Amino acid sequence: MGLLLPLLLIAGIGCTTAAANLDLEAKTFVNQSSDRYYRFYNEIAAETYSANNEDDFDALFTKLNNVKRIAEELVSISRQAGGFDLDRIRDPETKHALQELRSVGDLLVLGDDYFSSVQMNLGALQNLATDKDIEPYLGGANMPDQDDSPLAFYPDIQKIVQGSRDADELKYYWEAWREKNQLWASLHFYTIVQSYQRAAKILEVPVHRLWYRSDSQEMLQQMEQAMVELRPAYQELHAFVRRELHQKYGGDVVDLNGPIPDHLFQQVLEQAWADGSILEQYYPRAQLPEFDQFVNHLSAKAMVNESESFYTSLGFEPLSDDFHRNQLKEPNEDRPNDDCRPSIFDLTPHVYLMYCEKVSFRKLMQYHSHMARVYYAQQKRRLPSYYFKAYNLEFAVGEAVVLSASAPSHLTGRLSAKGVLSDQALMNRLFRMAIHTILSIPQYYVHTKVMHDLLDDTVDMDTVNRHYWRLLERHAGIEPPSDRAEGAIDFPYKFYVNIDQNFQTQKFISEILGYQFYRQFCKKSHSRGPLHNCDFYGSLAVGNDLKSMMSLGSKKPWKEVVGKILPNNTGLSSLALLEYYQPVLDWLKKYNKDANSKIGWTNTKKSEF
């Protein structure tokens, strides 16, 4: 016994020393990997943004090889992180960092398959919208000069949907695009699903964690709670829309008590701001100003500067001369593109932003939204890479800023808008916003749920279309315009847009949480009057709260980070959105009561397979 105790003590000291050495080795690796991650992604961004206007194939090929080399480095970080036994790591921060670094390889762990298969299929999904392969309705009889040339979904068919009042024409294009693309869409799409499943196995992480980049189960539960809160208001708006469509197209097209056919539902969304929409007899479009007139005195660069000024008014530092010179990419003036969308790289503190030549009110609001991501990245610049992701909160911040920057009170004070503050104009604007926002949110949820269930094999490609329509009917009161054949894949094009960035989930969270942030910012800035006309421009108190949240990245759990803005945060909630649209909801309740409209919907009579 005399020798046993010293031996045990020596063994214990040895174990403690080994554990300490392992922690030190892991911490050293984590710090070096964070620096490597930032350096590699900055190189990818520089390659990508310098290649945008490059026509020389050899130069593009060289850049591609550079990206492949950097990708291999990122994959090596994932594999090295996976080599540490997390059960033996004692420091919580180091353990968390290793968990995050295991995923930095993302789909790049698939090696050459990522470039030859994943990228090819992602590109093919985007091309589904731009391929001119749809014959025009009635041989082009409704087209200018009766042109019978084949059409693309974007922008050709989309423009038709934005203007057509012909239910048969809308139904034709809804069916024609899906019939033309269902085979290739299903093949390209399922390749992406399988790629995530394969990458998750290689990285030894749950597939949903790789897809959502966060705790998927908690986020889905919060989304479901927000849907429950939204449902009564959604049903009131749905009942109004259905009655208006029924009166316009008749009972053979729209059942007064059933779901709304999808081709007409999309018409309502696309024409929400147009002349002759379903609101026309109640709130004529002519009563609203032309919003583009508020910016027609600005250049494209001046609109970017205007969006920056919103954030500097909140106390953020102006963007550096170096950013404006080297990270703000100007449009190609030799090839202006009316359909251009601003793009951004914000995976590291070194952000790149590319803006567009076109000047419009819509573009100005997009810049206000994108600038949230620029400033969010700057506030996180002192964080290591494994805390840099911020639960996609930058999109919700951008949504809140857009709500403020587009408020009539802001337009009057900042852009010298005239005649937009009458009660009638406010209600007109608010109703159109409600149609566009409230009717879209359940679709974002359904698209998220479909992808979630495919990834965990709850459904497969043989059953997913039936699953999709049942979810749409249950949550949105939407049905297909006609019976669907077995093997059909009826996802809309927007389902595929930026699918590798989980865009539909981002949209859901940014819409719901954006209104929560907006309401809190309005309270913080002591705004008076209705919520839908609040402008928190110039509030340093709002800016301080934003900086406090932004600087955390993902260093703390989601609820704690959001708690910097929402002190009593219990998760995603639709209540702020409902308060914003309360005047519209009051109007809808009276309308539906007077019309004795059914609230909710009966089961569809259409066959789903």
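What share of the contacts in the chain with a separation of 6 or more comes from residues 24 or more positions apart? The share is 77%. Please keep this figure in mind during the tour, and note that the model shown is predicted.

**The whole chain**

Begin with the entire chain in a cartoon view. It contains 23 helices and five strands. Its radius of gyration is 26 Å, close to the 25 Å given by the globule rule for 609 residues, so the chain is as compact as a globular protein of that length. Along the principal axes, the C-alpha atoms fill a box of roughly 95 × 60 × 55 Å.

Next, display the surface. The accessible surface of the chain amounts to about 27,200 Å², and carbon and sulfur atoms account for 49% of it. Of the 609 residues, 54% are buried. If you colour by charge, there are 65 positive and 80 negative charges to find, and their mean positions lie 6 Å apart.

**The nonpolar core**

Hide the surface and select Phe-189 and Phe-517. Within the largest nonpolar core, which has 197 residues, these two touch the most other members. Now select helix 6, residues 167-203; this helix gives the most to the core, with 14 residues.

Stay with Phe-517 and show its surroundings. Setting aside residues up to four places away in sequence, Phe-517 touches Leu-393, Ala-396, Val-397, Ala-400, Met-549, Val-562, Ile-565 and Leu-566.

Is Asp-168 buried or exposed? Its relative accessible area is 53%; the cut-off for exposed is over 50%, so Asp-168 counts as exposed.

Select Gln-327 in helix 11, residues 321-327. Its relative accessible area is 8%; buried means under 20%, so Gln-327 is buried. Beyond residues up to four places away in sequence, Gln-327 touches Asp-322, His-350, Val-351, Tyr-352 and Leu-353.

Then move to His-410 in helix 14, residues 408-414. His-410 counts as buried, at 3% relative accessibility. With neighbours within four places in sequence left aside, His-410 is in contact with Phe-310, Ser-404, Ala-405, Leu-415, Asp-535 and Tyr-537.

**Details of the backbone**

For the last stops, show the backbone atoms. Which peptide bond is cis, with omega near 5 degrees? It is the bond from Tyr-154 to Pro-155. Pro-155 belongs to helix 5, residues 153-163.

Select Leu-138 in the loop between helix 4 (112-127) and helix 5. The phi of Leu-138 is near 55 degrees, a positive value in a residue other than glycine. Leu-138 counts as exposed, at 56% relative accessibility.

Finish at Asn-498, in the loop between helix 18 (493-496) and helix 19 (503-524). Asn-498 is not a glycine, although its phi is positive, at about 50 degrees. With a relative accessible area of 28%, Asn-498 is partly exposed.

Terms used
Residues are numbered from 1 along each chain as its sequence is written. This is a predicted model: local features need pLDDT of at least 70, side-chain atom pairs count only at pLDDT 80 or more; totals for chains, interfaces and linings use all residues. Side-chain values use heavy atoms; hydrogens and water are left out. Helices (H or I, at least four residues) and strands (E, at least two) are DSSP runs, numbered from the N terminus. The radius of gyration is taken over C-alpha atoms; the globule rule is 2.2 Å times the number of residues to the power 0.38. Buried means under 20% relative accessible area, exposed over 50%, partly exposed in between (1.4 Å probe, protein chains only). Contact means heavy atoms within 4.5 Å. Accessible areas come from the Shrake-Rupley method with a 1.4 Å probe; for residues, only the protein chains shown count as cover. Lys and Arg count as positive and Asp and Glu as negative; His and the chain ends are not counted. The place of a charge is taken as NZ of Lys, CZ of Arg, CG of Asp or CD of Glu. A nonpolar core is a set of buried Ala, Val, Leu, Ile, Met, Phe, Trp, Tyr and Cys residues joined through side-chain atoms within 4.5 Å.
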